[in-house]
Amino acid sequence: MKNSPYIPSTDLDQKEMLQTIGAKTFKDLLNDVPKKMLFPALELKEALSEQELVEFFELMANNNFASKSISSFMGGGAYNHYIPSTVKSMIQRGEFLTSYTPYQPEASQGTLQVGFEFQSMIAQLFDMEVCNAGMYDGPTALAEAALMACRIKRNNTVVIHSSIPEKSLEVIKAYSKWQDIELINYDDMSNDESSEYGCLLVQSPNQYGEIEDVEKLADEIHSKNGLIVQHTYPISLGLLKPPGQLSVDIATAEGQPLGVPVSFGGPFIGLLTCKKEYIRQLPGRIIGQTVDKNNKVSYALTLQTREQHIRRESATSNICTSTQLIGLMVAVYLATMGPNGIKSVAETSYHRAHYFASELDKIDDFKLVSKNFFNEFVIETKIDVSKINKVLLKNNIEGGIDISDKDSNKIMFAVTELNSPEIIRKTIDILGEKID
Amino acid sequence: MINKEQTLLMNQSKKGRKAINLPSIGVPETSLPDSKFLRKDIELPEVAQLDLIRYFTNLSSLNYSIDTNFYPLGSCTMKYNPKINEQISAIKGFASSHPNQSDENIQGNLEIMYDLQNELGEITGLPAVSLAPLAGAQGEYAGLLIAREYHNHNNQKNRNIALIPDSAHGTNPASASMAGLDAVTIKTTNEGDIDLEDLKNKVNENVCVLMLTLPSTLGLFEPNILEITKIIHDNGGLVYADGANLNALLGITKFGELGIDICHSNLHKTFSTPHGGGGPGSGPVMVAKFLEKYLPYPHIKKDGGKFIQYKPEFSVGRLNGFYGSFGILVRAYAYIRSLGAEGLREISENAIINANYIQERLKEHYELTSSRRCMHETVLSASKQKEDGVKAIDIAKKLLDEGFHAPTMYFPLIVEEALMIEPTESESKETIDKFITAMIKISELSKTNPDEITNAPLNLPVERLDEAQAARNPVLAWEKK
Ligand SMILES: Cc1ncc(COP(=O)(O)O)c(C=O)c1O
């Protein structure tokens, strides 16, 4: 008897196969493995039946606050937006879920056409010419965009604007450390006419939710022969001018807000778009339209000579497996929303955030410091932020992010369409009471 | 198979249709930002909900997948992806768990990660584990960063060479480049083993790391592994194992005991998480204890009764926005817990028997690269068939027509007309026998009627594509007619 329901071979099947192979026992197949190192002791936790497995993981999940959360105001790179039933049902289809990278296009038109839809809709949302089939996550997309810009400009100086959050900067450092790339702060950029840079990285809405004047920054770096790379929040593009209308050369984003659960930070999807002239420097997979022998429209992976399996050490990136299934979620999400839906989600998030912020500002001890923000804002307070969050947690509400520095206590809230007007009012009431 | 063309959404779109109702704003409105920041219009499809569902459902039916077809794609370990793991990863307490939440409110997540770190450490014999890497390639990159930082720390900045066998996967040299290492190619023998003479000639005081795939990309266990790791260590270098092929080694042998210092493993292969048509994946990196202090962060440890995240002392840094591919980690841990030590060993045992059975039964029909026993996969060559005008790609396409996904073709690069077959433990003898019958039939057909193979596929939604046109004149997004 086998220990696993995932193995169909019976003892008899095994015996027959070994006979055909001409081996007496399984061990006879392992002659190349050093004898002393064969069949080591393996001390693992005991195996669980399916039912026990569910019980165990339910128990683990209950040790997370999220199991009882009724609403969340937490953002900072991962956002709670409503996930439509269409998205949830389509990702369960095994034909999408359990297929491999579409190296055999004739047997993968489903994955390929969905990928083409994804590229099309992201390009439209960003108003950029081209988009690849997806990167690992937002910060890695931004880091690879910086490397890409340096290759295009043959200039290895990357200028970092203060709008870029610390976590993204850390990823950029890990990606560029051994590549002779110099990272400098925007404030240290020289005013000298003749100085040139590879690129300027800016995030808008920025790390505190405020809208940056990207166009102005674009002009500035273009005058120094560098590219502008904008990292953005894709939902905001339902309301705000997209990168393609801001003179942006390469635009990236964390795609998670478009129909993907926050899931403790992953799996997410990095969005990477650019002007068409730069496609030969794009990392990652790209799906293109073509025809088959009978001239029927069809889809295939394309421009593969950029990639590791062909170009090896000279590839534009080492990325191989990326995030196709998350791309499906994003594609179904955007198709479900349509132009009016995405606009509605953006506007609802905007207005609810501004309402919440202005009401909080009215409370003694709370001061709104953000001005031109989208859906995320900062409140300065005398109260210890952990105390604020504790009070909210008691009411099963997930509070904001503690961004206090040595000068003052600060809390950052994100608001989306998932924070109902009732919850917002309730939260205002709770925070209006004395906290200690 | 449905063979009607699926019209792109933008071409189905009609103003006034929608697929969802959304809540109204519901609070007093604020003025909008300055108009120079505002968008005018957005071009996205407008479709009704049923049309949307039908579109994506019909598209899904154009795919081959593990759930519908035998998928013997070598180096990809297309095993069954248990449904229970999907259900578990969707539990609210995981799926809606926010990554910026503080440690005391995410103890369940941290405990799972801590336990998974330990289980993977025990399975590979490399006890210090980071779950951060988002796929195999990122795991490789993390491993190389660790190797570089280690040498750096020991005042050996000069070590800037990665030795990489010519049979390696493309991500190996690509990752080496990203880590600023010069990729120096090591020859392999006809059987894909490291050429020891070549290795000895190329090893020197500038070698940072040897990147070795074990079992090799030919599906064979490197018989000189102990000698190889000794050569590298004697020269002060580290040994990295690409563990994409770990499905052959569960409970069979441990990397750590073979002298390997660093490895990665693809959870989306050996540990059954679904491949999703090309990700998301997860590629944890496992290292020997002396390298623990270089691991990426956040890393999870246990402190008293609590699980906490921390940054190892000489950490190579942060590889992504948060903790890694958490939803994938949950699935992989559920898989490991559903099997236990004995169950995992059986996985490898059956994967190896199935591959050897295929190799044995096909060796008279296809050229075999080695007469040795294989591990979890076997690499055949279509060189005989090529004499009749039938190439590996033709055989692959004909197999698609017969209802099987194709093996990996033209990899590893050192084998002419390579067909790399990995059946995994998930397949029954009956399924495997049908596949063998189809392979034999194709081999016979190559002598009698090669055109029938070179014209394939004929039974799929599309016939062979003009891939050259796709690259020559790239159409990468919907365009208005
Ligand atoms: C041997 C080998 N190494 C590395 C990789 C890269 O893994 P990933 O695609 O997850 O980046 C793969 C699979 O694609 C592989 O087969």
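B:Arg373, in this predicted model, counts as partly exposed at 28% relative accessibility, and it forms a salt bridge with B:Glu360 in which the closest N and O atoms are 3.9 Å apart. B:Glu360 is likewise partly exposed, at 21% relative accessibility. The pair links distant parts of the chain, 13 residues apart, with B:Arg373 in the loop between strands S10 (367–368) and S11 (378–381) of chain B and B:Glu360 in helix H10 of chain B. Salt bridges that share partners also join A:Glu16, B:Arg361, B:Lys429 and B:Asp433 into one network.

**Other salt bridges**

- Over all chains the structure holds 39 salt bridges, and 8 is the count between chain B and chain A.
- B:Lys36 and A:Asp213 meet through their side chains in a salt bridge of 2.9 Å, N to O; because B:Lys36 lies in the loop between H1 and H2 of chain B, and A:Asp213 in the loop between strand S5 (199–203) and helix H8 (214–222) of chain A, the pair joins two chains.
- B:Lys36 is partly exposed, with a relative accessible area of 40%, and A:Asp213 is partly exposed as well, with 25%.
- Within chain A, the side chains of A:Asp249 and A:Lys275 meet in a salt bridge of 2.8 Å, N to O; A:Asp249 sits in the loop between strands S6 (227–232) and S7 (250–254) and A:Lys275 in the loop between strands S8 (270–274) and S9 (287–291), so the pair ties together parts that are 26 residues apart in sequence.
- A:Asp249 counts as buried at 2% relative accessibility, whereas A:Lys275 is partly exposed, with a relative accessible area of 25%.

**The interface of chain B and chain A**

- In this interface 197 residues of chain B are in contact with 185 residues of chain A, and the two chains bury about 16800 Å² between them, 62% of it on carbon and sulfur atoms.
- On the side of chain B, the residues that lose the most area to chain A are B:Arg39, B:Arg337 and B:Leu476, which together make up 5% of what that side buries.
- Across the interface there are 89 residue pairs in polar contact, and the element that gives the most to the side of chain B touching chain A is H10(B), with 27 residues.
- B:Glu46, in the loop between helix H1 (9–12) and helix H2 (49–60) of chain B, counts as buried at 8% relative accessibility, and its contacts beyond four places in sequence include A:Pro339 and A:Asn340.

**Nonpolar cores**

- The largest nonpolar core has 111 residues, of which A:Phe57, B:Phe94, B:Leu199 and B:Phe271 touch the most other members.
- Helix H10 (residues 326–362) of chain B supplies the largest share of this core, 17 residues.
- Apart from that core lies another, of 79 residues, among them A:Phe118, A:Leu237, B:Tyr55 and B:Leu62.
- Among the residues that A:Phe57 touches are B:Ile88, B:Ile91, B:Val330 and B:Tyr333.

**Helix H9 of chain B**

- In H9 (residues 225–234), the residues B:Ile225, B:Ile228, B:Thr229, B:Ile231 and B:Ile232 are buried; seen down the axis of H9(B), the buried residues fall within an arc of 155 degrees, so they line one face of the helix.
- The face turned away from that buried side carries the exposed residues B:Lys230 and B:Asp234.
- The cover over the buried residues of H9(B) includes strand S2 (161–165), helix H8 (196–202), strand S4 (207–213) and strand S5 (238–242) of chain B.
- B:Gly236, which follows H9(B), has a positive phi, near 80 degrees.

Methods:
Residues numbered from 1 in each chain as written. Chains lettered and ligands numbered in written order. Predicted model: local features only at pLDDT ≥ 70, side-chain atom pairs only at ≥ 80, totals over all residues. Heavy atoms only, no water. Buried < 20%, exposed > 50% of the residue type's maximum accessible area, 1.4 Å probe, protein only. Helix = DSSP H or I, 4+ residues; strand = E, 2+ residues; numbered from the N terminus. Arc of directions from axis to C-beta. Contact = heavy atoms within 4.5 Å. Core = buried A, V, L, I, M, F, W, Y, C linked by side-chain atoms within 4.5 Å. Buried area = accessible area lost by both parts, 1.4 Å probe. Salt bridge = Lys/Arg side-chain N within 4 Å of Asp/Glu carboxyl O. Polar contact = N/O pair within 3.5 Å; in protein donor to acceptor, adjacent residues only side chain to side chain.
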